[in-house]
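Subject: Structure handover

Hi,

Here is the structure for your files. My notes on it follow below.

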Amino acid sequence: MKNKTIDYLIQPGGKLTGRVRVPGDKSISHRSVMLGSLAEGETRVSGLLEGEDVLSTLGAFRAMGVRAEGPDQGKLVIHGAGLHGLKAPAKPLDMGNSGTAMRLMAGILAGQAFDSELIGDESLSKRPMKRVSEPLGRMGAVIETAEGGRPPLRIRGGHKLRGIEYPMPVASAQVKSSLLLAGLYAGGETAVTEPAPTRDHTERMLRGFGYEVKTGGARISLRGGGKLKACHIDVPADISSATFFLVGASIAAGSDLVLEHVGINPTRIGVLNILKLMGADLELLNTREVGGEPVADIRVRAARLRGIRIPEDQVPLAIDEFPALFIAAACAAGETVLTGAHELRVKESDRIAVMAQGLKQLGIDARETPDGIIIKGGRLQGGAIESHGDHRIAMAFAMAGLVAAGSIKVRDCKNVDTSFPGFVGLAAQAGLTISSIRS
Ligand code: S3P
């Protein structure tokens with residue numbers, strides 16, 4: 001029997017107003033479950049994202065004997081097993097849709113005494129894993145992949161790891177984090193050098209758990225053999241989820257919206273920088289630091305956007321925000337040019353191809369290039385869009401519905417639950433005319 005899926009139906013018109021708090025940051029939530037599980041003592045997390053991706057990570061640790069209460073309304077208590085306290089799982093660990101879970105877990109599991117296997121859904125099963133299996137192999141890990149370096153990953157336990165010096169070929173926080181986590185189990189120093197800055201939540205959180213991590217320019221290192229000490233983590237709202245509202249409010253006339261308690265870590269604010277260059281009206285209010293991460297309320301008002309050439313140094317800092325930014329570009333005056341973003345082709349879907357296809361469907365001139373896209377702003381028409389099961393594509397086109405000439409149907413939106421449970425309700429509360437239909 002075919003699994004039921006969800007489509008979104010959006011009616012044009014409306015504006016986004018009021019105050020909303022989007023769910024917790026996905027990257028920080030994954031890491032809090034991982035480090036809390038590997039720590040000694042009781043870690044209390046609040047603001048945890050209860051999305052399917054994070055639940056996959058939590059499920060994996062439970063399958064390896066970690067006890068945890070919750071999550072309940074964003075609260076989770078983890079009784080850490082210590083770095084050497086995990087038990088062999090009885091069956092393969094299912095990482096669902098989550099690339100972050102699979103790549104970071106590979107680093108952790110490479111250091112265990114037992115064998116394990118990581119599997120994922122249809123989308124994850126197509127994604128490249130050699131970027132972690134190869135450098136982990138250099139550290140002494142034994143990891144078998146399917147053809148072409150794809151999942152499943154079969155990880156042999158009991159191999160002593162040694163630190164390496166790794167110049168990363170791609171700017172990827174997942175690769176950096178995977179190696180640093182393996183480095184906790186390795187002899188000597190594990191060091192990575194980034195070709196461009198990427199999100200630094202792993203480094204920040206390791207320090208929060210009392211583990212020394214050195215950062216010198218683009219080089220990040222740690223020494224194996226230490227301990228993680230349990231702590232309290234307050235997860236800010238996810239700037240990647242807030243992005244859909246930042247774009248929606250920017251393009252819909254009369255909008256005036258405040259997004260509360262959003263994480264504004266400097267390695268994540270490419271979207272704010274890019275939107276400002278496009279002429280967006282953004283204001284950071286009540287900037288503060290919560291548990292080692294900077295946080296602010298963001299006020300956004302409708303503005304006349306203009307097309308820009310997106311600076312390449314902003315690409316890794318906005319890597320998950322491009323589907324929504326492409327909608328902003330479609331509503332801007334003039335042309336927006338993105339280059340240096342080949343990584344978008346290996347996300348939950350090929351986000352360059354899928355967005356270009358959807359934008360064309362809505363009457364926008366969008367041309368793919370090997371590592372980016374050229375979008376000419378215009379009038380969005382109504383129509384039916386395929387999300388290809390990609391949560392961020394689905395939410396980006398939902399926001400396009402605010403300003404389209406007719407209604408928009410977005411197909412296959414079930415995976416929105418991986419990162420943004422409650423999206424439809426919150427978007428409707430802010431002023432989007434959206435309903436979900438089971439098909
Ligand atoms: C993430 C890193 C990014 C991002 C992903 C989350 C993380 O991936 O796209 O959604 O939590 O480390 P890459 O590191 O592969 O760019």
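Helix 9 and helix 11 are roughly parallel to each other (angles under 35 degrees count as such). Their axes come within 8 Å and cross at roughly 25°. Axes here are lines fitted to C-alpha atoms, for helices over the stretch in contact, and angles run from 0 to 180 degrees between N-to-C directions. Helices (H or I, at least four residues) and strands (E, at least two) are DSSP runs, numbered from the N terminus.

On provenance: this is a predicted model, where local features need pLDDT of at least 70, side-chain atom pairs count only at pLDDT 80 or more, and totals for chains, interfaces and linings use all residues. Residues are numbered from 1 along each chain as its sequence is written, and side-chain values use heavy atoms, with hydrogens and water left out.

Back to the helix pair. From helix 9, P323, A324 and I327 meet R392, I393, A396, F397 and A400 of helix 11 (contact means heavy atoms within 4.5 Å). These contact residues divide into 7 nonpolar, no polar and 1 charged. Ala, Val, Leu, Ile, Met, Phe, Trp, Tyr, Cys and Pro count as nonpolar, Asp, Glu, Lys and Arg as charged, and the others, Gly among them, as polar.

An open sheet is formed by 3 strands in the order 18-20-19, with antiparallel pairing. Two strands pair if DSSP finds at least two bridges between them. Strand 18 (335-338) and strand 19 (365-369) are the edges, and each pairs on one side only. Neighbouring strands are turned by 10° against each other on average, direction ignored. Strand 18 and strand 20 (residues 372-376) pair over 4 bridges. E335 has K376 of strand 20 as its bridge partner.

Helices lie across these strands too. Helix 9 lies across strand 18 and strand 20, at about 30° to strand 20. Helix 10 (residues 351-361) lies across strand 19 and strand 20, at about 160° to strand 19.

Now the backbone. Most residues other than glycine have a negative phi, and most peptide bonds are trans. Please check these spots:

- G70 to P71: a cis peptide bond, omega near 5°. P71 sits in strand 4 (residues 67-72).
- P151 to P152: cis, omega near 0°. P152 is in strand 9 (residues 150-156).
- Q73: phi near 50°, a positive value. Q73 is in the loop between strand 4 and strand 5 (75-81).
- N286: positive phi, near 55°. N286 belongs to strand 16 (residues 281-290).

Best wishes

Note on methods:
Parallel < 35°, antiparallel > 145°, perpendicular 65-115°, else oblique.
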